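Please read the following report alongside the sequence and the model. It goes through loops, overall fold, cores, aromatic contacts and a pocket in turn.

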Amino acid sequence: MRRHIPGLHSRQSGESPLEGLFLVRVERASYRWHPQKPFFDIRFMVVEPEGFANRCLSGRLYCTERALWKLNWFLRDFGYDRDQLTEDQGDEKALINLRGVLRTTHITLNGRTFQNLEAFAPEADWEELSCAEKTADAL
């Protein structure tokens with residue numbers, strides 16, 4: 001049986017992984033349990049800059065003891081419910097539509113490309129950070 005799978009062709013078109021600073025919205029989040037490294041698999045939709053709007057990128061935020069600082073940083077900066085955060089609760093549905101600033105890079109290992117979620121900032125900082133990046137690129 002044939003199935004229509006939107007976006008299937010985009011990976012074959014040679015689109016390069018997104019790198020840089022983006023204002024994003026969480027489109028999907030799911031918790032994946034693994035004995036050594038449980039993680040949140042998060043899909044982001046780019047809001048700005050305009051040239052990248054509506055492109056998607058995905059990444060993992062690990063829930064191991066050593067990596068909780070990064071997950072906490074993401075949740076705080078993207079405006080996750082503080083009550084749930086203080087009660088150590090992670091709700092996949094509560095992550096949907098959260099917005100913030102994301103800095104990404106990518107790495108290729110054994111022929112596979114992985115997206116790194118490098119840094120986060122609140123949505124309110126977008127104008128300042130995007131202007132600072134443009135100025136740094138011009139130098």
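## Loops and backbone geometry

P49 lies in the loop between β2 and β3, where helices (H or I, at least four residues) and strands (E, at least two) are DSSP runs numbered from the N terminus. The peptide bond that joins E48 and P49 is cis, with omega of about 5°. This is a predicted model, in which local features need pLDDT of at least 70 and side-chain atom pairs count only at pLDDT 80 or more, while totals for chains, interfaces and linings use all residues. Residues are numbered from 1 along each chain as its sequence is written, and side-chain values use heavy atoms, with hydrogens and water left out.

Two asparagines take a positive phi without being glycines: N97, at about 75°, and N110, at about 50°. N97 belongs to the loop between α3 (92-95) and β4 (99-109) and is partly exposed, with a relative accessible area of 47%; here buried means under 20% relative accessible area, exposed over 50%, and partly exposed in between, for a 1.4 Å probe and protein chains only. N110, in the loop between β4 and β5, counts as exposed at 83% relative accessibility. In the loop between β3 and α1, T64 is buried, with a relative accessible area of 18%. Leaving aside neighbours within four places in sequence, T64 is in contact (heavy atoms within 4.5 Å) with Q36, K37 and P38.

## Overall fold

The secondary structure comes to four helices and five strands, and along the sequence these follow the pattern β-β-β-α-α-α-β-β-α. Of the 139 residues in the protein, 31% are buried. Among contacts between residues at least 6 apart in sequence, 50% join residues at least 24 apart.

## Nonpolar cores

A nonpolar core is taken here as a set of buried Ala, Val, Leu, Ile, Met, Phe, Trp, Tyr and Cys residues joined through side-chain atoms within 4.5 Å. In soluble globular proteins, nonpolar side chains tend to be buried together. The largest nonpolar core in this model has 23 residues, of which V26, I42, F44, F74, F78 and L95 touch the most other members. At least two residues of this core are supplied by each of β1 (20-32), β2 (39-48), β3 (56-62), α1 (68-77) and β5 (112-122).

Not counting residues up to four places away in sequence, F78 touches V24, V26, F44, L98, R99, G100, V101, F120 and A121. A second, separate core consists of five residues, among them L21, V101, A121 and W126.

## Aromatic pairs and charges over rings

A search of the whole structure finds ten aromatic pairs; rings of Phe, Tyr and Trp (its six-membered ring) pair if their centres lie within 6.5 Å, and planes under 30 degrees apart count as stacked, over 60 as edge-to-face and the rest as tilted. F44 and F74 form an edge-to-face pair, at 6.1 Å centre to centre and with 85° between the planes. Because F44 lies in strand β2 and F74 in helix α1, this pair ties together parts that are 30 residues apart in sequence. F74 also pairs with F78 in a tilted arrangement, at 4.6 Å centre to centre and with 45° between the planes. F44 and F74 are both buried, and F78 is buried as well. Ring pairs link F44, W69, W73, F74, F78 and F120 into a cluster.

Two charged side chains sit over rings, a description that requires NZ of Lys or CZ of Arg within 6 Å of the ring centre and within 35 degrees of the ring normal. The charged end of R60 sits over the ring of F39, 4.0 Å from its centre, and that of K37 sits over the ring of Y62, 5.2 Å from its centre.

## Helix α1 and the second largest pocket

The buried residues of α1 are L71, F74, L75 and D77. This helix also gives the largest share, four residues, of the lining of the second largest pocket. That lining has 14 residues, of which L68, L71, L75, L85 and D88 lie nearest the pocket centre, and the elements that give two or more residues to it are α1 and α2 (82-86). On a 1 Å grid over the protein atoms alone, a pocket is an open set of points where a 1.4 Å probe fits, with protein on both sides within 12 Å along at least five of seven lines, and lining residues have an atom within 4 Å of a point. The second largest pocket holds about 260 Å³ of space, a volume being the space filled by probe spheres set on the points, which are joined across faces, edges and corners.
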